[in-house]
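Please look over the protein chain shown below.

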Amino acid sequence: MKTLLVIVAVLLASTSWAVRACPSSDRAALLAFKASLHEPYLGIFKSWTGTDCCHKWYGVSCDQGTRRVADINLRGESEDPIFERAKRTGYMTGTISPAICRLTRLSSITIADWKGISGEIPRCISNLPFLRILDLIGNKLTGPLPSDIGRLQRLTVLNVADNQISGTIPESLTKISSLMHLDLRNNKISGTLPQDFNRLTMLSRALLSKNMLTGPIPASISQIYRLADLDLSLNQLSGPIPASLGKMAVLATLNLDCNNITGTIPPSLIVSGISNLNLSRNDLHGFIPNVFGPRSYFTVMDLSYNRLRGSIPSTISSASYVGHLDLSHNHLCGKIPVGSPFDHLEASSFTFNDCLCGKPLRPC
């Protein structure tokens with residue numbers, strides 16, 4: 001009788017364990033994903049053994065209720081002890097296998113900063129209905145963004161910065177109304193910015209610098225109420241700066257440097273909530289708006305390498321704060337105002353203009 005009870009107990013325990021383990025289909029998908037990658041230094045995949053992929057598989061997390069794989073978090077730069085023991089950052093080659101798309105309950109995919117992962121982003125990623133975070137920064141991924149990425153209606157973070165992504169921004173991207181963080185920096189993305197950018201109503205950061213984007217800056221961007229950080233620098237954008245950007249409620253950083261932007265500086269930018277303004281290395285002309293006042297608070301204002309003329313506005317002295325100011329390489333003329341903020345600025349802020357004089361330059 002005792003032997004029978006022991007057998008029953010063992011069977012119940014094994015059945016309970018089997019129920020709590022991850023599904024065999026999820027385990028098979030993870031192993032297929034692993035097979036397309038090669039990580040030679042840290043051994044992060046050595047823990048991917050056994051039948052339960054929810055138990056101590058490095059970088060894998062599961063839903064406690066369903067035991068389905070919910071998160072893949074593999075970072076090549078981390079404070080995890082595995083990196084401290086190796087005394088190095090991670091390096092991984094290979095490709096992201098479409099097998100990852102068989103993990104249909106995924107909420108986040110982070111495969112970041114491995115430096116050597118190449119190939120395209122699997123198009124089937126757009127079929128993951130619960131995906132909230134897609135972070136693939138710092139690899140060597142090529143090819144376009146999936147054309148139907150707009151199907152990811154729960155996505156809040158899309159970060160593919162520092163890769164070699166090409167093609168244009170998919171038209172469907174602006175359908176992701178939940179998107180809060182968009183980072184496409186340092187790729188080879190071409191074409192124009194979507195005219196319906198304003199459909200991304202939840203967006204707080206739009207970082208698209210160092211690509212090959214052309215055409216004008218859509219005025220519709222100014223309708224994104226939550227947008228705080230807009231970086232379009234190091235592209236080939238043209239046309240004027242929409243004055244409506246200066247009327248945005250929470251925009252604090254506006255980087256438009258190193259483009260082909262023309263026209264004048266909208267006065268609205270000077271009396272806005274923008275504190276970090278970089279318009280350098282464009283083709284702006286006209287005068288610096290003489291509208292500075294108590295609402296003007298700039299940790300950085302860089303207007304260098306343009307075709308600005310006239311004198312330096314005297315109202316700059318009435319700004320609440322001006323930290324770094326660069327007006328060099330323009331066609332400005334006249335006496336540099338005295339007092340704050342000019343008393344802490346160096347000559348390099350004013351050099352290579354037509355006829356500026358006064359401290360910190362030569363006397364008038």
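Lys56 is exposed, with a relative accessible area of 70%; exposed means over 50%, buried under 20%, and partly exposed in between, using a 1.4 Å probe and protein chains only. The model is predicted, so local features need pLDDT of at least 70 and side-chain atom pairs count only at pLDDT 80 or more, while totals for chains, interfaces and linings use all residues. Residues are numbered from 1 along each chain as its sequence is written, and side-chain values use heavy atoms, with hydrogens and water left out.

**Backbone angles and peptide bonds**

- Most residues other than glycine have a negative phi, and most peptide bonds are trans.
- Lys56 has a phi near 65 degrees, a positive value in a residue other than glycine.
- The place of Lys56 is the loop between strand E1 (37-38) and strand E2 (60-62); helices (H or I, at least four residues) and strands (E, at least two) are DSSP runs, numbered from the N terminus.
- Asn186 is not a glycine either, and its phi is positive at about 55 degrees.
- Asn186 sits in the loop between strand E9 (181-183) and E10, and is partly exposed, with a relative accessible area of 28%.
- A cis peptide bond runs from Ser340 to Pro341, with omega near 0 degrees, and Pro341 lies in the loop between E22 and E23.
- Another cis peptide bond runs from Lys359 to Pro360, with omega near 5 degrees, and Pro360 is in the segment after E23.

**The chain as a whole**

- The protein chain has three helices and 23 strands.
- The radius of gyration of the protein chain is 27 Å, whereas a compact globule of 364 residues would have one near 21 Å; the radius is taken over C-alpha atoms, and the globule rule is 2.2 Å times the number of residues to the power 0.38.
- Along the principal axes, the C-alpha atoms fill a box of roughly 105 × 40 × 35 Å.
- Of the 364 residues, 49% are buried.
- The accessible surface is about 16600 Å², and 55% of that belongs to carbon and sulfur atoms; accessible areas come from the Shrake-Rupley method with a 1.4 Å probe, and for residues only the protein chains shown count as cover.
- Among contacts (heavy atoms within 4.5 Å) between residues at least 6 apart in sequence, 50% join residues at least 24 apart.

- Five of the five residues of strand E5 (residues 108-112) are buried, so E5 is largely enclosed by the rest of the structure.
- Ser108, Thr110 and Ala112 point one way from E5, and Ile109 and Ile111 point the other way.
- Strand E3 (residues 69-75) runs parallel to E5 and is joined to it by five bridges; two strands pair if DSSP finds at least two bridges between them.
- Leu74 is opposite Ile111 in E5.
- E5 also pairs in the parallel sense with strand E7 (residues 133-135), over three bridges, and Ile109 is opposite Leu134 in E7.

**Two open sheets of four strands**

- Two bridges pair strand E14 (residues 236-239) with E16 in the parallel sense, and Gly239 has Ile261 in E16 as its bridge partner.
- Another open sheet has the order E18-E20-E22-E23, also with parallel pairing.
- Strand E18 (285-286) and E23 are the edge strands of this sheet, and each pairs on one side only.
- Strand E20 (residues 307-310) and strand E22 (residues 331-335) pair over two bridges, with Arg309 opposite His331 and Gly310 opposite Leu332.
- E22 pairs with strand E23 (residues 355-357) over three bridges, and Cys333 is opposite Cys355.

- Phe292 lies in the loop between E18 and strand E19 (297-302).
- With 5% relative accessibility, Phe292 counts as buried.
- Beyond its neighbours within four places in sequence, Phe292 is in contact with several residues, including Ile270, Phe298, Met301 and Pro313.
- From Phe292 to Ser272 there are 20 residues in sequence and 9.9 Å in space, C-alpha to C-alpha.
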